Amino acid sequence: MTTPYPFTAVVGMDDLRLGLLLNAVSPAVGGVLVRGEKGTAKSTAVRALSALLPAVPVVPGCRFSCDPGAPDPACPDGPHESADGVSRDARMVELPVGASEDRLVGALDIERALADGVKAFEPGLLADAHRGILYVDEVNLLHDHLVDLLLDAAAMGASYVEREGVSVRHAARFLLVGTMNPEEGELRPQLLDRFGLTVEVAASRDPDQRVEVVRRRLAYDDDPAGFAARWADEESELRARIVAARALLPSVRLGDPALRQIAATCAAFEVDGMRADIVMARTATALAAWAGRSDVTADDVRQAALLALPHRRRRNPFDAPGLDEDKLDDTLNESAGESSGDGDGGDDDGPGPDGGGGGGLPPQRDGDGGPGDTPRQREPAGDGADTPAQQQPGESAPAAPGGGGEQAAAKAAEPFRTRMLSVPGLGDGAAGRRSRARTEHGRTTGSRRPQGALTKLHLAATVQAAAPHQRARGRSGRGLVVRRDDLRQATREGREGNLVLFVVDASGSMAARQRMSAVKGAVLSLLLDAYQRRDKVGLVTFRGKDAEIALPPTSSVDAAAARLDTLPTGGRTPVAAGLLKAHEVLRVERMRDPSRRPLLVVVTDGRATGGPDPVALAARAARLHEAEGVASVVVDCETGPVRLGLAGELAQRLGGTAVTLDELRAESIAGLVKDVQSTSSRRAA
């Protein structure tokens, strides 16, 4: 077994350590979501937490970790007779992003259930995580159907497995911990709200802190056991402090003044629902217990707000998470009625003699985001994946290749709600909410023989296949004699996510501020729609002499919005270069993910310039996409009394449809779905 990295050896990251430790003290806080750029030891810190948790008493032989003091009466391994329990270490169970539904909730043997009436159940990861930690790395990439199952279990404290009327239930109460890189996409709002706390981490820019991180990591890699032994005393002290805080927690008093501060803070920041108030109350109580106090103070309320509210204030994927600390202090002052009960904001690392977040660690500077590198002060990731709120309107990005006469980036117009834009036909891509596809979830459309493990039984088809053979199989009782060859898998139709690739003209002819502002507003609207429909998005721009991939295909629509926000204009219009670059992007993505179907959105006035015969070159590049059956839409940005109609000709060569910028502004590009489908249908015929 691999020796885990010691929790107390993690350099800095005070907010992260405090959030994890508060959940160890009070699991009712509801888990923690760790957001941050890659390579900041998010997973290392989370995996180190499990070694600090107290041992768990369980019923001997129970696969579902029942508490001997209060066993689950509905436990599939029960009923449990009164007996002495045994202790085991608290578990940390990892949920892989690509896990199947049966791996998460458990598998039911349908063949035995139909033939013998026996509920033969193999527990899944939710059963393993009961009374422990369920850890999801890259939680933002988790498939929607697994997210739904997690939400149900987190809400009810139990997991239900149902297969064609056969049902199994077991307790599933766990501490949910997730890590994610926001550049790779955001979480669904429902799952985001299930995390009690959120913290952001970023690599420190202080060379001394980075040196210490590297020094400790190299020492651990050379001798994991020896490194852990050197930190054993600190680990024991921190473990004892967690036990003491748990014992103190029931006696901590949360008075009316603190409750009023919590309610006033949640109301002032306009968070949805009441879960934020409850989580803040539990977090403030845990903070007091962690500091060894029996009363909740204003400082506890302030720190609880900084941990519990930032992720609950987002209204759309382009909003940056965070909290206005000046507004927070004003709200606490007003609700307290006197300044003496209000903290001065200097304890962002938590209360207690050691700052709360360190848990008895020796004072050190952080290599992964120290006390002075809080989420509110986070520096940009350096790859342009900032949210629009972090970008200054009108800020100019570096010049694109071959650019000439570059102008500063125009601010996007207000986004609007779009109607459905889908790819015609029936796909087999990842689950989403855009185009029709054969999926594991959705309405049942037929049956087939299972390929591999049976996941969704088609009961009627199975009975129909087994019925003619009952006499030959010697059926004598009430049960149906079912063989594996009789089982039928249900085929279902649902929705898939697509790859929406934007090809945006950033040449001089697009430089009119009003025009570019409208174009950006339209693209932002489609990006918001892509976020809601679980699409991947990519951005190709062309100007000057060449085209560039401004953003490779990604699930992070806010990263695409940030790149679009800083897009400058100027130079000639190499339409052919943009289409060829898009063709290369789609070719590579087709090899990576052949089941994800693309949708090409070209935003241009069609006035190809530069090089010999640029219009003919653009036409040949367009035919490459048509030959491969790529669904396309061209947004005609040409304005003025005289229009050449070049964008419309480009759309014809792409085998797609075109819409003028005026039509786009008046209604929505997504209204073209019928035109896209009809055009593709004619082409297929």
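This is a predicted model: local features need pLDDT of at least 70, side-chain atom pairs count only at pLDDT 80 or more; totals for chains, interfaces and linings use all residues.
Residues are numbered from 1 along each chain as its sequence is written, and side-chain values use heavy atoms, with hydrogens and water left out. The protein has a mean pLDDT of 79, with 80% of its residues at 70 or more. Where is confidence lowest, and where is it highest? The lowest mean, 50, belongs to helix α22 (residues 673-684), and the highest, 95, belongs to α12. Helices (H or I, at least four residues) and strands (E, at least two) are DSSP runs, numbered from the N terminus.

## A parallel sheet of five strands

Let's look at the strands next. An open sheet is built from 5 strands in the order β4-β7-β10-β1-β11, with parallel pairing; two strands pair if DSSP finds at least two bridges between them. Which strands stand at the edges? They are β4 (92-94) and β11 (197-201); each has a single partner strand, so one side of each is left without a neighbour in the sheet. From one strand to the next, the twist averages 20°. Angles here run from 0 to 180 degrees between N-to-C directions, and axes are lines fitted to C-alpha atoms, for helices over the stretch in contact.

Inside this sheet, β1 (residues 32-36) pairs with β10 (residues 175-180) in the parallel sense, over 4 bridges. You can find R35 opposite M180 in β10. Helix α1 (residues 14-25) lies across β1, β10 and β11, and runs at about 155° to β11.

## An antiparallel sheet of three strands

Another open sheet has 3 strands in the order β12-β14-β13, and its pairing is antiparallel. Both β12 (431-439) and β13 (443-448) stand at the edges with a single partner strand each, so one side of each is left without a neighbour in the sheet. On average, neighbouring strands of this sheet are turned by 35° against each other, direction ignored.

The strands β12 and β14 (residues 489-496) pair in the antiparallel sense over 6 bridges. Across from R436 stands R495 in β14.

## Helix α11 and its partners

Helix α11 (residues 256-268) and helix α13 (residues 298-308) have axes that come within 10 Å and cross at roughly 30°. That makes α11 roughly parallel to α13; angles under 35 degrees count as roughly parallel, over 145 as roughly antiparallel, 65 to 115 as roughly perpendicular and the rest as oblique. Their crossing is right-handed. A crossing is left-handed if the near helix is turned anticlockwise from the far one by less than a right angle, and right-handed if clockwise. On the α11 side the contact uses A258, Q261, I262 and T265, and on the α13 side A298, V301 and A305. These residues divide into 5 nonpolar, 2 polar and no charged. For these classes, Ala, Val, Leu, Ile, Met, Phe, Trp, Tyr, Cys and Pro count as nonpolar, Asp, Glu, Lys and Arg as charged, and the others, Gly among them, as polar.

Helix α11 also packs with helix α12 (residues 275-290), at an angle of about 140° and with the axes 9 Å apart. That makes α11 oblique to α12, and this crossing is right-handed. Here I262, A263, T265 and C266 in α11 meet A276, D277, M280 and A281 in α12. By class, the contact has 6 nonpolar, 1 polar and 1 charged residues.

## Helices α18 and α19

How are helices α18 (residues 575-592) and α19 (residues 614-627) packed? Their axes are 8 Å apart, at an angle of about 20°, which makes α18 roughly parallel to α19. The crossing of α18 and α19 is left-handed. Among the residues in this contact are L579 and L586 of α18 and L617 and L624 of α19. The classes come to 11 nonpolar, 2 polar and no charged residues.

## Two backbone details

G78 and P79 are joined by a cis peptide bond, with omega about 0°. P79 is found in the loop between β2 (56-58) and β3 (86-88). M13, in the segment before α1, has a phi near 50°, a positive value in a residue other than glycine.

Key:
Contact means heavy atoms within 4.5 Å. pLDDT is the predictor's confidence in each residue, from 0 to 100.
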